[in-house]
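User: Hi! Could you walk me through this model?
Analyst: Happy to, here it is.
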Amino acid sequence: MLKFKLPALQSLFSSRWLSVLVLVFALQAALLLWLTERKHAETLQALSFKQSVVTGAEAIETRIEEYRQILKGVEQLYLSSQFVSAEELRLYVEDYTRNALYSSLNAIGFIKYINLQLPETQSGLDQPLPRLLKQLQIKPGVSEVAPLLYIEPRNDVNREPLFKDTFTDARMRADLLQAGEQGGLVMSGHYLAGAVVQRYKTYVMQAPVYRPGTEAGRVGRAYLNGWVFLRFDIRTLVLEALNGLEQQQIQFDLFDLDPEQGDTRLYHTSATYDGQQQSQPPDYRVTQILNIHGQNWRLTARSTPAYEDAVNYHDADAIGIIGLVVSLLLAGLVDVLYQRKHTRQTLQQYDMALSSSEQRWQVAMASTGDGFWDWNVPLDQVQYSAHWKKILGYGPDELDPLPATWHQRIHPDDAELALRVHQQVLAGEREQYAIEYRMLCKDGAWKWVFDRGMVFMRDAGGNPQRILGTLADISKIKQSDEMVWQFANVDTLTGLPNRRLFLERLEAQLQSIKQSAHKLAVVFLDIDRFKEINDAKGHDQGDKLLLQAGKRLQGCVAHKDLVARLGGDEFIILLSEANANYVEALALRVLEALSQPFQLDDTHGYVSASLGIAIYPDDATNKEDLMKRVDQAMYASKQRGGNCFTYFTPRMQQHAEQRMRLAHDLRQALEQQEFFLEYQPVVDLQSRVVAKAEALIRWQHPRSGLIPPMEFIGIAEDNQLIVPIGEWVFKTAIAQCVQWRQNLHPDFQVAVNKSPVQFAPEHRKPQDWLSALSEQGQPGNMVVVEITERLLMDDNPLVSERFAQYQTLGIQVALDDFGTGYSALSYLKKFHIDYVKIDRSFVRELGSSTEDEALCRTIIMMAHSLGMRVIAEGIENQTQLTMLQQMGCDFGQGYFFSPPLRSEAFADWVTHWQQQTAVLNA
């Protein structure tokens, strides 16, 4: 082994080489500190950017929530009055429509629901019904209208749709009816508010209003008075919400995530910076997904060059300059010392002087912002710089130099890892390290530090003699991380978890109990009359009330339960135990706690609460459905007058009871011969020949009267009663078709609807109606089996087998309601389909909707190209008939020809139709 005493090596390690080595190490240390400080500055800038985006998303949600509260107020105006005039509505909403704070709000109004067959829906009009119908220009055969009676403000944009039938717009009709059937608010976009309003830039909130005196919990068209609605311009709303952030050099894009029409950009920051568009990809980019009342939006934020250039590198640059100067001074000092003495004695003396001089290292590292330490391993002493001690709150002369003094101050949770790393360095197992942990300060507080160290000198045996390192205070970085998490997950007013954190906790709970029989409950509550206090006493008093309400709610629950604030005056509670006694006891505690007076600045506030309760998995099998159910239950409590709680049931209690009664009565309906069939003619649109009919089942209940199929078919499917009912329908329709083939047309066909339940393997019998048809010698081409797309999605081999049997016997298959479900060409190619039926929702708007016209034309062309024929449902006027004929549609049915008829009336109608057709052809 070579020794340092060799003359060649002594010459090599001359003073000049040692000074260069010191300079290199010092410059490396300065560079490391400079890069670390720059990285720290960039990290703070990135955290600030993320925080700004979260703030922007919450600002948008807050503005939407304010509009929802305004709409709820208008809804309460209608619920509290027998009749609301246009002037009363104007006076009520004037504060909003003229307020500059709501400049994106462009319409508030009322849509009246009128069913010409239900006189009770025609009350509450400020003009005679005939005059209103004349203004609406109602088409023949229309039984339901929804005129826009009131709208504010009455400007040029809003004046045009006044007294127009909103049901003529298919999308708006669907949204209005959805709100009416569910009994809750629906928010939707994609409406045109006028020629000056761009498409997809206007969103509408609509909420149903039921007639005064309607029993609580009753929802649906039969009880509708109409709808209140609020329309706002999304671009203006977002501009107001994000203006402050955009002035901080952040650009935003907001997209509507429509699964049918694709992503649509609703908003884009149009400002440029330094007169030029940004040409390079941004350094910071964050995306937030917002789910607001069923609308899915994506908010994307991008940093600008001006924002990125605003990173504060001043401290890093100062550290770099001072480190460079100190490095040069140290190198010069070493060079001078080693030039003076070239002997080993001088080198050893300098080494001892260097190891014992804490002040030299303090000078070298004083400007880095970190504390410096020098560990003399043989002496078992650590020299700490003044800044090292200052980080922990100690003075220069405090703390002894023992390593134990250092190690005893490491947090107990972090001590094992930190001491193990130190021991590995002392044992020579590693050359350097870097680790984060907490240390105890003089004032008793814990502070996060970043400790870095490396072996600086070894003895002849390779054992560490000197270990040098730095200690950096990283508490601010940790606080920034915590702050970002707080902004994203905690409500800033009450300190409770916000909507985002609650949904995360809920999803985690659902995942943990999916494989067990455990249940959990969600309690959703809205504070009654909160808006009155907020408006009368100011938002600051309202905030005080909400803060106290949050504390009271926390006092009502156990430590294992979770209370969160969703926004506004809405709170939600997650109960890990769904026992009925436990849930109801908590609900009563909450009602009692919130009914007590709230202490405001100079008075008391009195409110109550409306609670909705939903149970997982009884009421829903996923997070989204569970939130919908509990929201519906809360609104049911609102409709009952508040200060109560309501459980969600499949059809909100009364509907569930009615469903049970119908299920019981269905079991006896076949035996009591309460069912009968009606037949709707299917007309060949080119020859006008009637050679088909669709068999439609009807139930004449002995007490309730005629019950529509939509009310009992689902119950029959759930209880497996659809199987015997379906057998009866088929046999009855076939017997009738045999008679009509003799009297009306030799190739007459009857279409029979078949439920997916009837295709289940457990309902397959050796002798079914297929066998009966074959044994009776009846041709299979007299039957058309109508199915839905839901059956094709199951991918059941028994379905393919049954279709093959149909094809062998000559039985034809029609795909009903095509285009409303999961239509896919793969289904049409995989299964043998003879007819495609265009749903009536597309036919209804022909003549007024270019989209529906294009859709019908596409379906017809596609079906013909695949060798199928097309039947259009719901033809109600000559315009629809003419357009379908021009498109080449094969068959049609609808009220324009005839409503469904009993068998005797059907035969008479066909005879009359044939005579009328013969006259026209002549």
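Analyst: One term to start with: a contact means heavy atoms within 4.5 Å. This is a predicted model, where local features need pLDDT of at least 70, side-chain atom pairs count only at pLDDT 80 or more, and totals for chains, interfaces and linings use all residues. Residues are numbered from 1 along each chain as its sequence is written, and side-chain values use heavy atoms, with hydrogens and water left out.

User: Thanks! What does Ile787 touch?
Analyst: Leaving aside residues up to four places away in sequence, Ile787 touches Lys754, Phe759, Leu792, Phe803, Val813, Ala814, Leu815, Asp816 and Ile833.

User: And which core is Ile787 in?
Analyst: Ile787 and Phe803 have the most contacts inside the largest nonpolar core, a set of 78 residues. Such a core consists of buried Ala, Val, Leu, Ile, Met, Phe, Trp, Tyr and Cys residues joined through side-chain atoms within 4.5 Å. Buried means under 20% relative accessible area, exposed over 50%, and partly exposed in between, with a 1.4 Å probe and protein chains only.

User: Which helix gives the most to this core?
Analyst: Helix H23, residues 722-743, with nine residues. Helices (H or I, at least four residues) and strands (E, at least two) are DSSP runs numbered from the N terminus.

User: How many helices and strands are there in the chain?
Analyst: The protein chain has 31 helices and 32 strands. Of its 922 residues, 48% are buried.

User: Switching topic: how does H20 look?
Analyst: H20 covers residues 623-639, and its 17 residues reach 25 Å from first C-alpha to last, close to the expected 24 Å. That expected span is 1.5 Å times one less than the number of residues. At the N-terminal end, Asn622 is the cap, with a side-chain oxygen 3.2 Å from the backbone nitrogen of Glu624. Just after H20, Gly641 has a positive phi of about 105°.

User: Which residues of H20 are buried?
Analyst: The buried ones are Lys623, Leu626, Met627, Val630, Ala633, Met634, Tyr635, Ala636 and Ser637.

User: Last one: is Arg698 buried or exposed?
Analyst: Arg698 has a relative accessible area of 14%, so this residue counts as buried. Arg698 sits in strand E25, residues 690-701.

User: What does the side chain of Arg698 pair with?
Analyst: A 3.2 Å polar contact links the side chains of Arg698 and Glu678. A polar contact is a pair of N or O atoms within 3.5 Å; within protein, one must be able to donate a hydrogen and the other to accept it, and residues adjacent in sequence count only if both atoms are side-chain atoms.
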